Amino acid sequence: MDRNTRISTIINNRHIWSEKISKVEKHLKTLSSTLEKLEEKRNYILKSTENLQIIGKLNEISFAHTQSNITAELDSLTKLRNRFSRPTLNIGVVGRARQGKSRLLQSLTGLTKAEIPDGDRQHCTGVKSIIHHNSNVDTYGEVWFHTERSFLDDIIAPYYEKLGLGRKPFTVEEFAKNPLLSLPQDIPGYAEPGAMYEHLKRYHTYFSHYSHLLKQNSPFKIQKHEIREYVAQDTPDGERNYFNFLAVKEVRITCSFPNVDVSQVALVDMPGLGDTGIGDETRLIKSLGNDIDFILFVRMPKSAGDYWADVDVRLYDISRSALIELPVNLWSFVILNQTSSDSKNGDNLNNCQDLLNTLQEKYITVEKCLIANCSQETETSKILDILIDYLTNNMTNLDKQYARSCQERLLEIYKAINSELNKAQDIFNQNYEDDYQEIEELFSDLFGNSDNGWWKEVSLALQELRTQLWHQRQTPNEELYNGFLAAIEKCERDKGILSSENAIEEIRNRIKGMSVFRAYPDYQDELRVLISHRFLSLDENLKQTVELMKSQVVKVLKEQGCLESISNNDGSEFFTDIANIIPERFPKLKAGFEILAEFRLSYRGLILPRIRQHLDGLTNISPMTGEFGGISQPQNQTIALTKDTTADEIFTALEIDYDIAINTIKPILEELMVEPNQALYAMVEEFIDNVIRQKDIQKEWKNFLRGVRGQIWEDIFGKKEHDRQMRKEWLESVNQVTSVNKLDLFDLAK
């Protein structure tokens, strides 16, 4: 099996893990949400109850620590999912500056110092680079820049905090324009703080050289020859003239590896430690934890003699802290960079062997320690073979071990929640059944039956209202009658053209303008419209009549039925409120309130048709003669029009037409005055039949009132119902968490 096939197998297995992790992440988010709701319910009960025993027990319950663990674990799972979902195995090359990291990477990738900077003078690499293979494109780079915010927060602020330089800048303009404060004299140490301060001064002094990049969109594509300008601190000849790297988070380089059978391996070039940059270690740890699957520690012993220094041990410890879930010895090699006698360093083979032999004395434990010349492709290829063999045989187990450590923490979360849930179940330890039975018996007595209680009082009161309306159904409706008298009075006070002081002159002018044959019919139309509109106000009278009737029913339901506590409205709005409150499982009762809520009497439905048929005397519709399409005059017209008909004659005819219409409408409307009361009686009787006399309606009423009894009989059931509802809601919230906190949902292997 070739290298690529073996690496692909590892990556494919990891992707399966990634999908499992996504499911557990989703579960943890759901669990966290349900815990939040339970915590909200706990806080609500603490504010709502005076029971000291309950308060004491609730104070013993806390999910704050568990929520904190869930948040932390979500971060870990995200890191783990990202690790397992990558399309490459990422090998990080770590070491102090001037140890040969860049030479090793150049040998493995085929790149040169133009893309992977190296040098013989000061620190060279300035930012992290991720290098991956693509044989189908020319080498290029993609640059991710800091934003102004991340630059201030992640790069600049740590210097101000570490060195005690006062208030950190809030904007990049503030950082650039204001001079740096002097280094405090009382800061611990001397050389190291001073070196750190000089590092910050470089950011400050050369801000104008790179500040424009903080506004640049990421990723920013660059050509092969531009890469060094963004990753290196100095030019190939060692001059520190590059400043772009100060604005860069990371660079990703795409190139064609010499060993194309490792195309699914990516190499991560880390800046060498020891450059006194504050935050470098933090960024190294973050990168190792998030971006790197395996570490190659590179160390080049001096030919004149060397040893494992404290800085080497510290670098190892920093790396170890990046992934505490796995022993660092399982996911790292040490590469001792061997140099020959013709190199600047000289022959260091013996010192390489010495460092190999003394490795364990410094408690630096790694899977393998290899001696190889990092500048020779043949030797770095052997390193790659050994590494791929190791990963092929061990990466799946390493991943399982990593996942297992997460699994153990997940189980701890599951157990912690269960422990709190057990306490939560016992918060209300009163005898619930006895309490409920007592409440139910009291409610049944209050509701009563046909002989006593609520049911009897409401039934009798509604029957009395029905009897009252039955006696009124043959009497004129007072509200409508008053409206009728007002409309008639308007008709008599204002008769349109007939009430005009210059009526004859106006009629004469109209005759001149359109002929007598049009003037008379047009005035008839105007008077007909006028009369019809005078009675439109009766629509409001009818509405008021209906609302008054509904208010009578409401009065009964509020006074005898005690329903005022669940609706403060009156009339139609009251019935709409109650209908909305009644659950769908009580269809008969709900329909009864909906029918009465929707009942209306309208002018257009009840009165208008009666009026219209008595306005024919003011209608100018004429039958067709059938001869040449001509129009004859209507039959029984008050006046027979001729070309000689005068304005006085038309005025007199209109007076006659108007009086006939009004005098005909009056008795018709007087007959209608009893119809609203008949309709109101019919509607109330229909309501009573629906909500009192229907089969099983008493059962629906009782079940409905059971749900709102704490509001209706607040003085009797208020506190008991409140406590009972509180217990019910608490247990529902507890059960909801219990239903989510299932062991199998935490299983990463499922």
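The structure holds 35 salt bridges, a salt bridge being a side-chain nitrogen of Lys or Arg within 4 Å of a carboxyl oxygen of Asp or Glu. This is a predicted model, in which local features need pLDDT of at least 70 and side-chain atom pairs count only at pLDDT 80 or more, while totals for chains, interfaces and linings use all residues. Residues are numbered from 1 along each chain as its sequence is written, and side-chain values use heavy atoms, with hydrogens and water left out. Helices (H or I, at least four residues) and strands (E, at least two) are DSSP runs, numbered from the N terminus. Buried means under 20% relative accessible area, exposed over 50%, and partly exposed in between (1.4 Å probe, protein chains only).

**Asp 293 and Arg 14**

- Asp 293 forms a salt bridge with Arg 14, and their closest N and O atoms are 3.0 Å apart.
- This pair links distant parts of the chain, 279 residues apart: Asp 293 is in the loop between helix H10 (280-291) and strand E7 (294-299), and Arg 14 is in helix H1 (residues 3-48).
- Asp 293 counts as buried because its relative accessibility is 0%, and Arg 14 is buried at 2%.
- A network of salt bridges links Arg 14, Arg 83, Arg 86, Asp 293 and Asp 399.

**Glu 250 and Lys 128**

- Glu 250 forms a salt bridge with Lys 128, with 2.9 Å between the closest N and O atoms.
- Distant parts of the chain are linked by this pair, as Glu 250 lies in strand E5 (residues 248-255) and Lys 128 in strand E2 (residues 128-133), 122 residues apart.
- Glu 250 has a relative accessible area of 11% and is therefore buried; Lys 128, at 11% relative accessibility, also counts as buried.

**Lys 543 and Asp 539**

- A salt bridge joins Lys 543 to Asp 539, the closest N and O atoms being 3.7 Å apart.
- Both residues lie in helix H19 (residues 538-559), 4 residues apart, which is about one turn of the helix.
- Lys 543 is partly exposed, with a relative accessible area of 43%, whereas Asp 539 counts as buried at 16% relative accessibility.

**Helix H13**

- Helix H13 (residues 377-425) has 49 residues and should span 72 Å at 1.5 Å a residue, the expected span being 1.5 Å times one less than the number of residues.
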